[in-house]
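Colleague: I have just opened this entry and would like a guided tour. Could we go through it together, one region at a time?
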Amino acid sequence: NFMQWIDVSIPLQAGMTVWPGDLNFSFEPDRRIANGANSNTSFLQMSSHTGTHCDAPWHFVETGKRLHEVDPSIYFGKAQVIEWEYDGHINAEKLKDMEFLPRVLFKTKNSSLPMMGGFYTDFIALLPDAAQLLVDRGVRLVGIDYLSIAPYKKSRPTHEILLKNNVFIVEGLRLEKVPAGEYEFIVLPLLVVGADGAPCRAFISYQ
């Protein structure tokens, strides 16, 4: 009786949306059988914060842990999907009466934004007071459905509050097919030594 897993990751492909100023994703041929090579191999080029990705504490905290130093037990377990139905940013006032699991994933109207093409600066994100509330309630992982947990051009202090408290951040989830509720969750960052973050594959299970 296998669990049903839903992939909530952004496919890595040419033309995908990237953070303004970041390297565009590219997948280029190295060797090709069609050209007489023994096998097909390719080159990948991308930022460490491309598509569905994570932030290690070192991303915003100079003394913070690098990705390979993060305890991987946070990558597997129960997660709570919270549906944020408002147009404004996620704030403490609207969250304060909720109970939280150690892993919280925010589903917002961002999940219906296109994954390809131009960057959308008006995405919904976490205000610093909401970040502090999650820290105070013992949340260990927070995820969101656009390329930053913090509002555009306001990376600090939201990132800083979470990362200095060793809250693992997952950005670029795709949650449009996932109703609010509790699920099994897996997020697997590439194990890049010394990294500030890395692309991830993420799955949610339906029982």
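**Helix α2 and onwards**

Colleague: Which residues of helix α2 are buried?
Modeller: Helix α2 covers residues 128-136, and its buried residues are Ala130, Ala131, Leu133, Leu134 and Val135. Please keep in mind that this is a predicted model.

Colleague: What do the buried residues of α2 pack against?
Modeller: They pack against two helices, α1 (92-95) and α3 (155-164), and against the strands β6 (103-107) and β7 (141-144).

Colleague: And what follows α2?
Modeller: Gly138 follows α2, and its phi is positive, near 85°. This glycine belongs to the loop between α2 and β7.

Colleague: Is Gly138 buried, exposed or partly exposed?
Modeller: Gly138 counts as partly exposed, because its relative accessibility is 37%, between the limits of 20% and 50%. As for its position, the C-alpha atom of Gly138 is separated by 17 Å from that of Ile149, 11 residues apart along the chain.

Colleague: Let us step back. How many helices and strands does the protein chain have?
Modeller: The protein chain has three helices and 10 strands. Along the sequence the pattern is β-β-β-β-β-α-β-α-β-α-β-β-β.

Colleague: What about the radius of gyration?
Modeller: The value for the protein chain is 17 Å. A compact globule with 207 residues would have a radius of gyration near 17 Å, so the two agree. Taken along the principal axes, the C-alpha atoms fill a box of roughly 65 × 45 × 35 Å.

Colleague: How much of the chain counts as buried?
Modeller: Of the 207 residues, 47% count as buried. The protein chain exposes about 10,600 Å², and carbon and sulfur atoms supply 53% of that area.

Colleague: What share of the contacts comes from residues 24 or more positions apart?
Modeller: Such residues account for 72% of the contacts with a separation of 6 or more.

Colleague: And the charges, how many positive and negative side chains are there?
Modeller: There are 19 positive and 24 negative side chains, and the centres of the two sets lie 2 Å apart.

Colleague: Now for single residues. Where is His159?
Modeller: His159 lies in helix α3. It is buried, because its relative accessible area is 3%, and buried means under 20%.

Colleague: Which side chains make a polar contact with the side chain of His159?
Modeller: One is the side chain of Asp55, at 3.2 Å, and another is the side chain of Glu171, at 3.1 Å. Apart from neighbours within four places in sequence, His159 is in contact with Asp55, His59, Phe60, Ser148, Ile149, Ala150, Ile169 and Glu171.

Colleague: Where is the place of Thr52?
Modeller: Thr52 sits in the loop between β3 (41-45) and β4 (53-55). Thr52 counts as buried because its relative accessibility is 2%.

Colleague: Which backbone atoms does the side chain of Thr52 reach?
Modeller: The side chain of Thr52 reaches the backbone nitrogen of Ile10 at 2.7 Å. A polar atom of that side chain also lies 2.6 Å from the backbone oxygen of Gly172.

Colleague: Back to α3. Where is the cis peptide bond?
Modeller: The cis bond joins Arg156 and Pro157, with omega about 0°. Pro157 lies in helix α3. Most peptide bonds are trans.

Colleague: Which residues have a positive phi without being glycine?
Modeller: Lys153 is one of them, with phi about 65°, and Asn166 is another, with phi near 60°. Most residues other than glycine have a negative phi.

Colleague: Where are Lys153 and Asn166 found?
Modeller: Lys153 is in the loop between β7 and α3, while Asn166 is in the loop between α3 and β8 (168-171).

Colleague: Buried or exposed?
Modeller: Lys153 is exposed, because its relative accessible area is 70%, over the 50% limit. Asn166 counts as partly exposed, at 36% relative accessibility.

Key: Residues are numbered from 1 along each chain as its sequence is written. This is a predicted model: local features need pLDDT of at least 70, side-chain atom pairs count only at pLDDT 80 or more; totals for chains, interfaces and linings use all residues. Side-chain values use heavy atoms; hydrogens and water are left out. Buried means under 20% relative accessible area, exposed over 50%, partly exposed in between (1.4 Å probe, protein chains only). Helices (H or I, at least four residues) and strands (E, at least two) are DSSP runs, numbered from the N terminus. Contact means heavy atoms within 4.5 Å. The radius of gyration is taken over C-alpha atoms; the globule rule is 2.2 Å times the number of residues to the power 0.38. Accessible areas come from the Shrake-Rupley method with a 1.4 Å probe; for residues, only the protein chains shown count as cover. Lys and Arg count as positive and Asp and Glu as negative; His and the chain ends are not counted. The place of a charge is taken as NZ of Lys, CZ of Arg, CG of Asp or CD of Glu. A polar contact is a pair of N or O atoms within 3.5 Å; within protein, one must be able to donate a hydrogen and the other to accept it, and residues adjacent in sequence count only if both atoms are side-chain atoms.
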